[in-house]
Amino acid sequence: LTLIFSVPFAHIKSDDIYSYGDNGSFSGIGDIIVWLRKKLSNNIGGNIIMSVQGDVKIPEAYEYGDPMKEQSLGEGQYDATFKLKFGKGFNWGYSVLDIGYKWRGENNEHDPLTFKPSDQFIVSFGGGYAVNSWLSIRGNIDWNKSIGDAEVSNELVTYAACCGVDE
């Protein structure tokens with residue numbers, strides 16, 4: 001059983017923010033992610049390892065600004081992901097395949113200006129190679145497919161169309 005915490009530090013610079021009177025850049029902690037992974041099998045065939053992983057994205061380390069005028073250090077809503085993970089080691093490195101689903105929560109930081117991003121199917125393929133004891137080369141290809149259940153409140157649509165981007 002493996003528990004992982006990810007606490008990203010971000011620096012964001014945007015000409016769009018600058019145009020609304022801010023200094024154009026800011027830094028801080030973004031969305032925190034907590035993972036829990038459990039190995040299910042050492043060999044499902046062909047020396048392939050299988051694990052299951054769940055994670056939760058926690059948007060509590062920053063202040064989520066007006067979505068029409070400010071960029072934030074994260075997405076502002078809770079998300080949860082479930083993945084089946086397959087991995088295989090080779091003499092030269094390793095490869096991994098993830099198949100999963102991401103549930104996206106509703107962002108209600110500026111209620112009634114609310115929105116919920118669409119849930120997603122996730123497929124990821126990657127691998128790596130240890131060049132020596134202190135250097136590894138890793139790569140990954142991700143594919144996310146929206147399932148089309150995004151929601152935007154009527155109040156947010158009206159705010160964006162009427163006055164959200166002109167103030």
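Visitor: How many residues line the largest pocket, and which lie nearest its centre?
Guide: The largest pocket is lined by 18 residues, and Ile33, Trp35, Asp55, Lys83 and Lys102 lie nearest its centre. The model is predicted: local features need pLDDT of at least 70 and side-chain atom pairs count only at pLDDT 80 or more, while totals for chains, interfaces and linings use all residues. Numbering starts from 1 along each chain as its sequence is written, and side-chain values use heavy atoms, without hydrogens or water.

Visitor: What counts as a pocket here?
Guide: On a 1 Å grid over the protein atoms alone, a pocket is an open set of points where a 1.4 Å probe fits, with protein on both sides within 12 Å along at least five of seven lines; lining residues have an atom within 4 Å of a point.

Visitor: What volume does the largest one have?
Guide: The volume of the largest pocket is about 390 Å³, taken as the space filled by probe spheres set on the grid points, which are joined across faces, edges and corners.

Visitor: Which elements give two or more residues to its lining?
Guide: For the largest pocket these are β4 (32–41), β5 (49–58), β6 (79–89), β7 (94–104), β10 (120–132) and β11 (135–146). β6 gives the most, with four residues. Strands are DSSP E runs of at least two residues and helices are H or I runs of at least four, numbered from the N terminus.

Visitor: How does that lining split by class?
Guide: The largest pocket has ten charged residues in its lining, plus four polar and four nonpolar. Asp, Glu, Lys and Arg count as charged; Ala, Val, Leu, Ile, Met, Phe, Trp, Tyr, Cys and Pro as nonpolar; the others, Gly among them, as polar.

Visitor: And the second largest pocket, what is its volume and which residues line it?
Guide: Its volume is about 300 Å³. The lining consists of Lys85, Tyr94, Val96, Asp98, Ser124, Gly126, Gly127, Arg138, Gly139 and Asn140. Elements that give two or more residues to the lining of the second largest pocket are β7, β10 and β11. By class, that lining has five polar, three charged and two nonpolar residues.

Visitor: Changing topic. Which strands form the open sheet?
Guide: Three strands do, in the order β8-β9-β12, with antiparallel pairing. A pair needs at least two DSSP bridges. The edge strands, β8 (107–110) and β12 (151–152), each pair on one side only.

Visitor: How is β9 connected to those two?
Guide: β8 and β9 (residues 113–116) pair over two bridges, and a hairpin of two residues joins β8 to β9. In that pairing Asn107 stands opposite Phe115. On the β12 side, β9 also pairs over two bridges, with Lys116 opposite Glu151.

Visitor: Are the faces of β9 covered or open?
Guide: Both are covered: Leu113 and Phe115 on one side, Thr114 and Lys116 on the other, are all buried, meaning under 20% relative accessible area with a 1.4 Å probe, protein chains only. Over the chain, buried residues make up 32% of the 167.

Visitor: What about the whole chain, how many helices and strands?
Guide: There are two helices and twelve strands. In sequence order the pattern is β-β-α-β-β-β-β-β-β-β-β-β-β-α. The radius of gyration is 20 Å, well over the 15 Å that the globule rule gives for 167 residues, so the chain is more spread out than a compact globule. That radius is taken over C-alpha atoms, and the rule is 2.2 Å times the number of residues to the power 0.38.

Visitor: What box do the C-alpha atoms fill?
Guide: Roughly 60 × 35 × 25 Å, along the principal axes.

Conventions. Buried < 20%, exposed > 50% of the residue type's maximum accessible area, 1.4 Å probe, protein only.
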